[in-house]
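Please look over the fold below, together with its strand pairing and overall dimensions.

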Amino acid sequence: MTDAVHDNGDRSRFELAVGGEVVFATYRREAGQLVISYVYAPPALRGTGAADRLMAGVAARARAGGERIVPLCGYARAWLRRHPADHDLLA
């Protein structure tokens with residue numbers, strides 16, 4: 001599942017394609033930190049769990065890269081609060 005999350009470095013965002021639509025999280029990297037500034041889900045994907053799957057992929061990539069997450073976006077912050085197993089990723 002997290003393998004479907006693509007790091008589009010040219011656009012500084014993680015992307016997850018679902019049914020012809022793309023949910024994404026914009027980011028910037030700073031000294032061992034992944035700063036998530038915005039998470040967007042197209043209207044057709046809202047309420048489907050697509051943003052949840054995207055954030056699970058972002059968390060997995062941060063963990064694999066030894067990065068901590070700075071969630072500036074309200075959705076990213078709320079997602080991390082709801083997932084205790086990922087609290088250690090909070091910067």
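Predicted model: local features only at pLDDT ≥ 70, side-chain atom pairs only at ≥ 80, totals over all residues.

Residues are numbered from 1 along each chain as its sequence is written, and side-chain values use heavy atoms, with hydrogens and water left out.

**Fold and dimensions**
- The protein chain holds two helices and five strands, in the order β-β-β-β-α-β-α along the sequence; helices (H or I, at least four residues) and strands (E, at least two) are DSSP runs, numbered from the N terminus.
- The C-alpha trace spans about 35 × 30 × 20 Å along its principal axes.

**Burial and contacts**
- Of the 91 residues in the protein chain, 38% are buried, meaning under 20% relative accessible area with a 1.4 Å probe, protein chains only.
- Among contacts (heavy atoms within 4.5 Å) with a separation of 6 or more, 41% are between residues 24 or more positions apart.

**Strand pairing and hairpins**
- Strand 2 (residues 13-18) pairs antiparallel with strand 3 (residues 21-30) over six bridges, where pairing requires that DSSP finds at least two bridges between two strands.
- Phenylalanine 14 has alanine 25 of strand 3 as its bridge partner, and in the hairpin of these strands, with two residues between them, glycine 19 takes a positive phi near 55°.
- Strand 3 also runs antiparallel to strand 4 (residues 33-40), joined by seven bridges, with arginine 28 opposite valine 35 in strand 4.
- In the hairpin of strand 3 and strand 4, which likewise has two residues between the strands, alanine 31 takes a positive phi near 30°.

Methods:
Buried < 20%, exposed > 50% of the residue type's maximum accessible area, 1.4 Å probe, protein only.
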